[in-house]
Amino acid sequence: MAPARQCLSVSMKEPLQVWAVDLSDDAKAVLLLNLENTTRTIVASWASLGLGDKQPRAVRDVLRREDMGEMASSVAAVVSPHGARLFRITHNKATGQREE
């Protein structure tokens with residue numbers, strides 16, 4: 001059994017929150033959480049996620065099972081009231097792996 005990985009709070013600007021965790025395949029899972037009573041757009045930049053560079057990243061909406069394409073410097077999503085969106089961020093759109 002693999003060791004548990006701790007999910008880190010990236011932004012706790014109540015009532016909008018961003019959480020992230022490193023995955024075993026060098027990808028990152030990002031949760032956007034809206035605790036408000038209205039629909040909001042939440043943005044998480046690569047820098048805030050610890051990715052540091054402005055290299056485009058492949059983004060997949062995990063819950064909707066949709067590839068969102070490559071995004072230049074952040075992931076952004078409209079999140080319904082008391083809702084969440086979960087994304088998987090990888091280095092390379094075609095393979096999901098870091099480019100050498």
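Entry one. I am working with a predicted model. I searched the whole structure and found 6 salt bridges. I noted some of them below.

Entry two. I looked up Arg88 and saw that it forms a salt bridge with Asp25, with the closest N and O atoms 2.0 Å apart. I then checked where the partners sit: Arg88 is in strand E8 (residues 84–90), while Asp25 is in the loop between strand E2 (16–22) and strand E3 (28–34). This pair links distant parts of the chain, 63 residues apart. For accessibility I got 27% for Arg88, which is partly exposed, and 26% for Asp25, also partly exposed.

Next came Arg40, whose salt bridge partner is Glu36; here the closest N and O atoms are 2.8 Å apart. Are these two buried or exposed? Arg40 is partly exposed at 31% relative accessible area. Glu36, at 18%, counts as buried, because the cut-off for buried is under 20%.

I turned to Asp61 and Arg85, whose side chains meet in a salt bridge at 2.8 Å, N to O. Asp61 belongs to strand E5 (residues 57–61) and Arg85 to strand E8, so their contact ties together parts 24 residues apart in sequence. I found Asp61 buried, with 1% relative accessibility, and Arg85 buried as well, with a relative accessible area of 10%.

Which residues join Asp61 in a network of salt bridges? I found Arg64 and Arg85 linked with Asp61 there.

Technical notes
Residues numbered from 1 in each chain as written. Predicted model: local features only at pLDDT ≥ 70, side-chain atom pairs only at ≥ 80, totals over all residues. Heavy atoms only, no water. Salt bridge = Lys/Arg side-chain N within 4 Å of Asp/Glu carboxyl O. Helix = DSSP H or I, 4+ residues; strand = E, 2+ residues; numbered from the N terminus. Buried < 20%, exposed > 50% of the residue type's maximum accessible area, 1.4 Å probe, protein only.
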